[in-house]
Amino acid sequence: MAAQIGEIMGVSAGAAVKQIAQVHCTGCGQNYKQYTYVGIHDCVAASKLPGGGDLGCAYGCLGLGSCEKACPFDAIHVIDGVARVDEEKCKACNKCVDICPRHIIALEPYKTKRHVTIPCSSHDKGVDARKVCDNGCIGCSLCAKSCPKEAITMVNNLAVIDYEKCIGCGICAQKCPRKLITVDGKVPEVKPAAPKAAPAAAIKPAAPTAEKPAAEAAAAPKAEAPAEPKE
């Protein structure tokens, strides 16, 4: 059917790219709250309060499960104060994306191997981001500068991945000073650089000796002994 539609429209029908919902928050902002929220256990309700909720970070997951309730596939759950997606169950229905009052959930192309994510939505400057989150993006741009495919750009203090360019090399994750970027859901270990080999000691030429080589001595003219006086 896709091929027939493509033929009618004059375009080729390529293979569908799998998408899943990604929550752009690690939940570390839960440690920095403006006040204690006591009310309906629902993100939409909490977002109506001053500051858009109790978190110090204006871009963090409120963790009250509006997305969890909206998902018809049981593919998203709040764990340790932040919504997390079950990649196997997610059908990219967009329900969680639509209901999130913080707009921190998005559908993104998904690679089954070497999938790189930047789970943060903060557009605060680095000095402000540090005050309300333990590992949010601080806009240092080290990831963008180190990417060999130029797949990361800085958008209003936030690193954003272009998945059409990303090859999953993980260099950005190794360079990130906040240990924020993940590859296949994990922060890769940074291997220590191999120690540089010590420079080889310079070999000094041997000091010349007083003795001449045998061949040179043999070739030298021999001095004749003085003749004995005649009587």
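Predicted model: local features only at pLDDT ≥ 70, side-chain atom pairs only at ≥ 80, totals over all residues.
Me: Why is Cys166 called buried?

Reply: Buried means under 20% relative accessible area, exposed means over 50%, and partly exposed is in between (1.4 Å probe, protein chains only). Cys166 has 13%, so it counts as buried. Cys172 goes the same way, because its value is 7%.

Me: And what makes Ala159 buried?

Reply: Its relative accessibility is 6%, so Ala159 passes too. You'll find Ala159 in strand S7 (strands are DSSP runs of E, at least two residues; helices are runs of H or I, at least four; both are numbered from the N terminus). The C-alpha atoms of Ala159 and Ile118 are separated by 7.3 Å, though the two are 41 residues apart along the chain.

Me: How do you know that S2 and S3 pair?

Reply: Two strands pair if DSSP finds at least two bridges between them. Strand S2 (residues 76–79) and strand S3 (residues 82–85) have four, in the antiparallel sense. Val78 stands opposite Ala83 in S3. Their hairpin has two residues between the strands, and Asp80 there takes a positive phi near 55°.

Me: What makes something a cavity and not a pocket?

Reply: On a 1 Å grid over the protein atoms alone, a cavity is a set of points where a 1.4 Å probe fits but cannot get out; a pocket is an open set with protein on both sides within 12 Å along at least five of seven lines; and lining residues have an atom within 4 Å of a point. The structure holds five cavities of 30 Å³ or more. The largest cavity has about 130 Å³, and the closest of its 18 lining residues to the centre are Cys25, Cys57, Cys120, Cys133 and Gly136.

Me: How do you know where the largest cavity lies?

Reply: Domain 1 (17–110) and domain 2 (114–189) both give residues to its lining, so the largest cavity lies between them. The domain bounds come from an automatic or database domain assignment.

Me: Why is the second largest pocket placed between the domains?

Reply: Both domains give residues to its lining, so that's where the second largest pocket lies. This pocket holds about 260 Å³ of space. Of its 19 lining residues, the closest to the centre are His24, Glu108, Cys120, Leu158 and Val160. Strand S4 (105–109) and strand S7 (158–161) each supply at least two of the lining residues.

Me: Which residues of the largest pocket are closest to its centre?

Reply: The largest pocket has about 470 Å³ of space, and the closest of its 24 lining residues to the centre are Gln22, Arg84, Thr117, Pro119 and Thr182. S1 (19–23) and S3 are the elements that give two or more residues to this lining, and the largest share, four residues, comes from S1.

Conventions: Residues numbered from 1 in each chain as written. Heavy atoms only, no water. Points joined across faces, edges and corners; volume = space filled by probe spheres on them.
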